[in-house]
Amino acid sequence: MTLYHHMTLYLKYRPQTIEEIDITSVRTTLSNILKSGNIPHAFLFAGPRGTGKTSLARILAKTINCEDHKVQPCNKCQNCISITNGNNIDVIEMDAASNRGIDDIRLLRDAVKLSPANSKAKIYIIDECHMLTTEASNALLKTLEEPPVHVYFILATTNPEKLIETIKSRATLVQFTKATSREIKRSLERIIKSEKLIIKSEDIDKIIKIAKGSFRDAVKALEQYSSDSSFLNEDLEADSSELVLSIIKKDIVKSLEIIKKSTNIENLTDELLDKLHQILIETQDNSIIPLIEFILTSKEMVKYSPIEELPLEVALIKWVKLPQA
Ligand SMILES: [Zn+2]
């Protein structure tokens, strides 16, 4: 099971208009800014993963560059279509996790000076911008302070507290939050309706619970459900308890078996951490600290792994192979 497989519905149903943004507060903030007709040149989208920051960045990029010049993107013109497809040359998406150094920002500063190729404006979407080095952040700040008229910046981050203050004060903050059950439901219903899926309302509730406030996880779960509804019956509680027992006994074969049959690695990992946390607090047994650290690292790696379960497997194997203290 790979991440890509479960991303298809999510990508297909990414919000394409302001109305389709499911977080009410974000929707209101953005429509007010757009109605005012005065779009700031630097935005900071801050909030948890899977809450729609990148989707909104693209909607905003379309609104700025739409050939129809309305407060909403038309989603039909060449500019809108290419932005939706991620291949518009004037909308540059950059992942600061892998382009974090001063040289990357210097390149960006030179590129910013050039006029857009086919559109009104060039739009830079810099994801995970808290990952930039301090040097790179300061270089970016210079550009944010005097942006050319044809340039807009949308910075996105899950960790705004790690950004330098001066960048924060230069950008218009849009705060994303974990979605409420009602917001997740709104999003799921939009998909269920257009995909003509048949799903019991109690199963929708279960999916909402699994999603823990993330649209991405909700849609992922819905997609999994549509290919095999039995996964909702998977007993995470029992599986994670069993996994804790086997991993503490360093029974790697059993542990890998449990991971293999799990259809929800992310939640299994969270349950596992939850249980280890309890054990740590109750026993203050420092021998399990490396295990906890390995698993925490695996949660970071998931972003880069095409195989969802691989980082957790690596973490557990590292732990089992650790020389006894
Ligand atoms: Zn358009």
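**Exercise 1.** How many salt bridges does the structure hold?

*Solution.* The model is a predicted one, in which local features need pLDDT of at least 70 and side-chain atom pairs count only at pLDDT 80 or more, while totals for chains, interfaces and linings use all residues. Residues are numbered from 1 along each chain as its sequence is written, and side-chain values use heavy atoms, with hydrogens and water left out. With a salt bridge taken as a side-chain nitrogen of Lys or Arg within 4 Å of a carboxyl oxygen of Asp or Glu, the structure holds 21 salt bridges. One of them joins Asp110 to Lys113, where the closest N and O atoms are 3.6 Å apart. Both Asp110 and Lys113 belong to helix 5 and are three residues apart, about one turn of the helix.

**Exercise 2.** Determine the strand order of the sheet, and then state which strands stand at its edges.

*Solution.* Strands (E, at least two residues) and helices (H or I, at least four) are DSSP runs numbered from the N terminus, and two strands pair if DSSP finds at least two bridges between them. On this basis five strands form an open sheet in the order 2-3-4-1-5, with parallel pairing. Strand 2 (91-95) and strand 5 (172-175) are the edge strands, each with a single partner, so one side of each is left without a neighbour in the sheet. Neighbouring strands of this sheet are turned by 15° against each other on average, direction ignored; axes are lines fitted to C-alpha atoms, for helices over the stretch in contact, and angles run from 0 to 180 degrees between N-to-C directions. Strand 2 pairs in the parallel sense with strand 3 (residues 122-127) over five bridges, and Asp95 stands opposite Asp127 in strand 3.

**Exercise 3.** Classify the crossing of helix 5 and helix 6, and then that of helix 9 and helix 10.

*Solution.* Angles under 35 degrees count as roughly parallel, over 145 as roughly antiparallel, 65 to 115 as roughly perpendicular and the rest as oblique. The axes of helix 5 and helix 6 come within 8 Å and cross at roughly 15°, and these two helices are therefore roughly parallel to each other. Residues in this contact include Ile105 and Leu108 of helix 5 and Ala139 and Leu140 of helix 6. By class, the contact of helix 5 with helix 6 has seven nonpolar, one polar and three charged residues, where Ala, Val, Leu, Ile, Met, Phe, Trp, Tyr, Cys and Pro count as nonpolar, Asp, Glu, Lys and Arg as charged, and the others, Gly among them, as polar.

For helix 9 (residues 201-211) and helix 10 (residues 215-227), the axes come within 8 Å and cross at roughly 135°, and the pair is therefore oblique. The contact is made by Asp203, Ile207, Ile210 and Ala211 of helix 9 with Asp217, Ala218, Ala221, Leu222 and Tyr225 of helix 10. These residues divide into seven nonpolar, no polar and two charged.

Terms used:
Contact means heavy atoms within 4.5 Å.
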